[in-house]
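Visitor: I am new to reading structures. Please show me how to go through one, feature by feature.

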Amino acid sequence: MGMANIRFRRSRNPVIGDKFSSRHGQKGVCSQLWPDIDMPFSGVTGMRPDLIINPHAFPSRMTIAMLLESIAAKGGALHGKFVDATPFSNTMKESESESSSLVDDLGSMLTACGFNHHGVEVLYSGVYGTELTCEIFIGPVYYQRLRHMVSDKFQVRSTGMVDQITRQPIKGRKRGGGVRFGEMERDSLLAHGAAYLLHDRLHTSSDHHIADVCSECGSVLTSSLIQPPKRAVQAIFGLPPAREPKKVTCLACRSSKGMETVAMPYVFKYLAAELAAMNIKMTLKLSNGAGA
């Protein structure tokens, strides 16, 4: 009996949210996909960049080697030769008159071909066709596509599986779980004063539960549903028989006089059961006997 191993290959075009990185730890996600005609272009060569990166990514991360790579790749592509990428190789070669730095050596390769010494160029807006008011650093840089892709990470859920113990939504994308509404999200809604939205996220959409509470003893655990005896009721005018109202009694008080229904998170009732297992009694005080 033979066995076949089948593998499927699916091509994925870059989309917003996919992760990319240069060879210097400058990782980030694709934030916008623009048509080619809307990208800025050089007034001299007419070339358009494939990628635009925010310059604020460099001061704090200090990835100066990425800028040196861009200048070296630009000069090497113009001259058609390999460039030594060792950063401190040229600084040791000091002549009697002057010491040349790596930036000066790389910049001389650009000036020999008519480009700016520091690799900046004048670009024009691809939308308006007007000259941009600043010179922009531009050059070739090797980029990598990382395997963190949106198509593997996105999760959407309206309703689904809940935890058997707490009755709260489960986590995990594979099991159809929800995204956690955590402490920081809660703090945001508190700062906004959006109390009803907070109640909706943490109670209504989570583990909303209607519990029977005894207003006499304040217990949330001793309620018991009394099943009325079944009796044959003939349908009147073809209508089904009316549903019997449920009758709840408190096993501790042995009475059903003060039973009230109270909306609460189910995990609160579970907490009361856990405390009862440790011999700690939790009682609720109901206001006006109408549930609070």
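**Strands, rings and charges**

Guide: Strands β4 and β5 run antiparallel and are joined by four bridges. This is a predicted model, where local features need pLDDT of at least 70, side-chain atom pairs count only at pLDDT 80 or more, and totals for chains, interfaces and linings use all residues. Residues are numbered from 1 along each chain as its sequence is written, and side-chain values use heavy atoms, without hydrogens and water.

Visitor: What is the bridge partner of E121 in β5?

Guide: First, the terms. Strands are DSSP runs (E, at least two residues), numbered from the N terminus. Two of them pair if DSSP finds at least two bridges between them. Here, E121 has I136 as its partner in β5.

Visitor: What is the order of strands in the open sheet?

Guide: The order is β3-β4-β5, with antiparallel pairing. β3 and β5 (131-137) each have a single partner strand, so one side of each lacks a neighbour in the sheet.

Visitor: How many aromatic pairs are there?

Guide: Rings of Phe, Tyr and Trp (its six-membered ring) pair if their centres lie within 6.5 Å; planes under 30 degrees apart count as stacked, over 60 as edge-to-face, the rest as tilted. By this rule there is one aromatic pair. The ring centres of F41 and Y124 are 5.8 Å apart and the planes are at 15°, so the pair is stacked. F41 is in strand β3 (residues 41-42) and Y124 in strand β4 (residues 120-124), 83 residues apart.

Visitor: Which charged end sits over the ring of Y266?

Guide: A charge counts if NZ of Lys or CZ of Arg is within 6 Å of the ring centre and within 35 degrees of the ring normal. That of R167 sits over Y266, 3.9 Å from the ring centre.
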